[in-house]
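Open the model in your viewer and keep the selection panel at hand. The tour starts at one side chain and then widens to the whole chain.

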Amino acid sequence: MAAVSVPLNSTPPSDRTKPRNLLDRAGIPKALCWGFLGVLIFMIGDGVESGFLSPYLLDEGVSKERVALLFTVYGVAASVSAWFSGALSDLWGPRRVMMLGLGIWTALQIVFLGLAVPAHHYWLLLISYGARGFGYPLFAYGFLVWVTAVTPRHRLGSAVGWFWFAFTGGLPTLGSLVASFTVPWWGTYRTLWFSLALVVAGGVIALLLVREPTGRKRLAPAGERPVATLLGSLSIVWRNPRIGTGAVVRTVNTAAQFGFLVFLPVFFTDTLGFSLTEWLQLLSAMFATNIFFNLIFGLVGDHLGWQRTVAWFGGVGCAVTTLLLYYGTVAAGDNFLLAMVLVSLFGATLAGYVPLSALMPSLAPEHKGQAMSALNLGAGASTFVGPAVVGVFLGPVGVQGVMWIFAGLYLASAFLTLFLTLPEPAPTPDGPASTPVEASAETV
């Protein structure tokens, strides 16, 4: 007998079945395939407005300060909704949470477009659009919980990779692309109504065509009280230290991404000499690369191990590409092709954290929804942690120092990932189970 190392998310050979169709081989659970399409179309509809809503509202006479407040309220609502999406999925089942998200988005978009915009009533704009932020996280992240609840462990990394492919492919990538055609043809106001049609179409596809039964019922253990389930979505962070650690890792994941948006536009245009159009093209390349590597690292995680993938490709990879992004562009100046390569490398390694969405619910198999709530809490925290780092340190240490701080945070997240070990599998009737790290195999 010889000990061989296997991925931390390994599944016993007896539990693995040969993929029977193209969807299975691609890593998409066949029972949920329509849900991935539904999420993609829903998020395209949600992302249609991302490139033009702010200037549209300014043209309608809303002041810059009020537009900023509008988007702030929307962001807070989305963060809270992302946090509760997992807990409510535990309590009600993912499908009902998705229905709630679709209902909120649809109803408030109708109020926003049908009443608030034509009347130029700011408080109605604030309430309808701000509260609409509760909609998309309930729908999208509710489906993500559904994915983690039914996908076999050994294929979960691939499945969540496809989820993030659909999510980020819609918002903002394909959503902005759709708007680039519809706005010149129909105008901004009609395009906003078209976004509603896309959201409804995506929601109907996912909710009517996905027949998988697990997502139609509560995921929390029988007898657990609703209040305990909701509070557990927060208390799990310290009840299960590995979940808390994973939430911190998720915060680091996109903190630099949001921080970069604060100071890199000025750095690339004023310091390096790129035009604004070139910077926008570089930013698009970063996100486009990230979309496709979401799939790649989902597959890599299933074969190499989720923990290893997050630590090396995510943490260490982002630390290296962050520094390359700074020193490479400074050395080359306004070399557009080199800058395109460097921003694409960062976008690729940013996707190295994708297996975290598979790892987190597996750390708390009895409370997968609560674990996903903690993951979403970390995602929400990154939206202000990144800009806060920039706000505090950009003045004292400059762009170079801030890039080193973000690189250090990525290395720290790689170290923290070492503590995200999966629970010991339960003993089998034939004897004790192998550890999550090693398994025995006959030498041939």
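Leaving aside neighbours within four places in sequence, which residues is Phe-268 in contact with? Select Gly-273, Phe-274, Trp-279, Leu-282, Leu-325, Thr-329 and Ala-339: these are the contacts of Phe-268, where contact means heavy atoms within 4.5 Å. This is a predicted model, in which local features need pLDDT of at least 70 and side-chain atom pairs count only at pLDDT 80 or more, while totals for chains, interfaces and linings use all residues. Residues are numbered from 1 along each chain as its sequence is written, and side-chain values use heavy atoms, with hydrogens and water left out.

Show the whole chain as a cartoon. The protein chain has 16 helices and two strands, as DSSP runs (helices H or I, at least four residues; strands E, at least two) numbered from the N terminus. Its C-alpha atoms fill a box of roughly 75 × 50 × 40 Å along the principal axes. Of the 444 residues, 51% count as buried. Among contacts between residues at least 6 apart in sequence, 83% join residues at least 24 apart.

Methods
Buried means under 20% relative accessible area, exposed over 50%, partly exposed in between (1.4 Å probe, protein chains only).
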